[in-house]
Amino acid sequence: MKVWISSKEKKPMGLDQSPNARHSLQSRIPKNCHHWTLTRSEFPAVASSSKTAVNRRPNPRRPPTAYCCREISRLAPPNSPPDPASLVVAIPDSQTRPGARTLEEIQKKVTMGLVDSSGDLSGEMEVDAFRRLFPLRYYERHLAESIRPDGRTLGMARDTTLALGAVSSADGSALTKIGSTTMLAAIKMEVMTPSAESPDEGCIAIEFHMPPICSPIVRPGRPAEAAVVESKRLSDTILRYGRMESLDVQPRTIWLVFCSSGMINLKELALVSGKAAWMAYLDIYCLDADGALFDAALLSAVAAFSHLQIPVVSLNDKGKIVAFTEEGDTVGKLEKEAVNKEKRKLTLGNIPFSLTCALHKKHILADPSSEEESIMETLVTVVMDSSDRLVSFYKPGGALAYTSLVTDCVRLTRQRMKELEKILDEAFSGMEVD
Amino acid sequence: MMMETDRKDGRTPNQPRMLSCSRNILHRAHGSASWSRGETKVLAAVYGPKAGTKKNEDPEKACIEVIWKPKTGQIGKAEKECEMIMKKTIQSICLLTVNPNTTTSVVVQVVNDDGALLPCAINAACAALVDAGIPMKHLAVAICCCVAEEGSVVLDPTKLEEQQMRGFAYLVFPNSALSALPKGSSLVDGEPLEHGIITSVTHGVMSVDEYLRCVGRGRAACAKLSDVLRRSLQKSE
């Protein structure tokens, strides 16, 4: 933030009201200036009340951002429109983005619009400061032109990349990035005894972790509330249920489910009916939380299951399942055959894909970042599977949604589904080539 | 021709269970209500507004806190999810700027769970908020609709029906407004205010058309339910 609040200069700067004042002020301040300078012309409230922030040194222990924000909000009360006379335009270096040119035009228009509206040069504020202090108005100015501050159109999702096999020690893994949101999913397989009610079905345990690395609001110790909720929603989406029981086996909660026609058929995870079946532990770690966590987590889980290679096992003499080694021990062990030599990969049924949208007045923003999610209160997550059925329409509270909005969200999700299917196919064909 | 499903307790597909609602049952709580639909019964209590907001919450608005107590067992992920959904629903119906920097706690105790638990809890919480006098824009009326195998929509399932059906949706709508203005004047997108969905949580798979049919049926049922609710709240003044 480059807002200037005065420190050591007793003499007020920039008293002249000429249009060139801004430029002269800027040229006098060195590039990496750590002091904050305030001019009397910029904040007339300061000029009137003498003993305010003009000559105070910023507290070195307090972070400068917080200080500036507090001072400005004290000087210019938030309810009155500050209407800064001009904005220093920071044009992002994003020439390759499709909306870049329009974004520059918008920011120039914002600048000129503000200069025209308020006659006096009562304030000078940078784009960043306006964005932090009045985020909703900053966004609404962009939404009026049907564009978002990062250059995307309203229905466009962020760049998505997928990397399979990110964790080499796991049986299946995937690293997904949607914009900055990063998720790492890994699957470990273990043999267990199936329950009496479902002797030829395996089991899957899904856990979603949000370590403190992902976001400044998550602290070590208690798991973030969002993590618990996302964990449950992922379990519900990936494993659809007919009858459901839950067992608490420390510390994991394991859901024994019957899968009707969901993505994964638990019968494929069986080994020896009644005696042995696979238990798959799917762990998803959020490495960077920048909005649309459920979308990224679901995509990484789907990719990890597609990448999964079930380890080859065989039955040893005592009737226990052991890992199959091909070291060629000859004597007496030739009859030990792999129990599941042919069945190494899971066949996935209808794959679910999801899209989170933020709703604000009449606008629908697809794939919001964390900044957009924090400003806009209404979020809708639509999950559809590849056979065009609605798996989930999740809208917890927020503004009222009418039928037109429901159909628009579904339409955006269908578009996104096609993009994601293409990305998933490309990732797999790339892997098979290796 | 689609056959109407015969339900085990003899109801028609469009018929919800017996409803009973009572307010002011707990004397220490600032507001309390009990709501039961057939065998499903939920008790809600509201304490507030209390001073101060929780950490990480906006002090310029009132904060809502929901505590969900299951009938048996420890609090797990399902309870946390229900708490979050209820908190967001209540936040969207309350006027949060009237009492800034305060916390209102809503405690929900499940007395019996026989299907459609979350809608029952939302209705109970709403009645308890009215009993406590928390300022709200409008009430929230919740219903559960499920989709049977052949695609017909069934209202207010029992727990057994929920498990057997292909999918179900919990829907929350605002209550219908009694207004002196002429009918068409307050339409949004050509639909009256009570057609908007506040909250929707679906489980299971259904087609988009089936979901929209659920929403339509849910709206009609909620309109009737909000009349019943209004009469019951006015009566026990």
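1. Chain A and chain B bury about 3200 Å² between them, 58% of it on carbon and sulfur atoms. Buried area here is the accessible area (1.4 Å probe) that two parts lose on being put together, summed over both. Leu390(A), Leu400(A) and Tyr402(A) supply 19% of the area that chain A buries against chain B, more than any other three residues. The contact (heavy atoms within 4.5 Å) takes 37 residues from chain A and 35 residues from chain B.

2. A word on the basis. This is a predicted model, in which local features need pLDDT of at least 70, side-chain atom pairs count only at pLDDT 80 or more, and totals for chains, interfaces and linings use all residues. Residues are numbered from 1 along each chain as its sequence is written, chains are lettered from A in the order in which they are written, and side-chain values use heavy atoms, with hydrogens and water left out.

3. Lys77(B) and Glu207(A) meet in a salt bridge through their side chains, at 3.6 Å from N to O. Between chain A and chain B, 14 residue pairs are in polar contact, both residues at pLDDT 80 or more. A polar contact is a pair of N or O atoms within 3.5 Å; within protein, one must be able to donate a hydrogen and the other to accept it, and residues adjacent in sequence count only if both atoms are side-chain atoms.

4. Which elements of chain A give two or more residues to the side that touches chain B? They are β6 (203-209), α7 (225-238), β15 (378-385), β16 (390-394) and α10 (403-433). α7(A) gives the most, with 7 residues. Helices (H or I, at least four residues) and strands (E, at least two) are DSSP runs, numbered from the N terminus.

5. Chain A has 10 helices and 16 strands. Of its 434 residues, 49% are buried. Buried means under 20% relative accessible area, exposed over 50%, partly exposed in between (1.4 Å probe, protein chains only). Among contacts in chain A between residues at least 6 apart in sequence, 69% join residues at least 24 apart.

6. The largest nonpolar core has 143 residues. Such a core is a set of buried Ala, Val, Leu, Ile, Met, Phe, Trp, Tyr and Cys residues joined through side-chain atoms within 4.5 Å. Met210(A), Ile238(A), Leu282(A), Phe305(A), Met86(B) and Tyr211(B) touch the most other members. A second, separate core of 14 residues includes Phe134(A), Tyr138(A), Leu143(A) and Ile375(A).

7. Ser105(B) sits in strand β5 (residues 102-112) of chain B. Is Ser105(B) buried or exposed? Ser105(B) counts as buried because its relative accessible area is 4%. Its side chain makes polar contacts with the side chains of Lys50(B) (2.9 Å) and Glu65(B) (2.8 Å).

8. Asn175(B) lies in the loop between β8 (167-174) and β9 (199-204) of chain B. Asn175(B) is buried, at 13% relative accessibility. Leaving aside residues up to four places away in sequence, Asn175(B) touches His138(B), Leu139(B), Val141(B), Glu194(B), Ser226(B) and Arg230(B). The C-alpha atoms of Asn175(B) and Met165(B), 10 residues apart along the chain, are separated by 28 Å.

Conventions:
A salt bridge is a side-chain nitrogen of Lys or Arg within 4 Å of a carboxyl oxygen of Asp or Glu.
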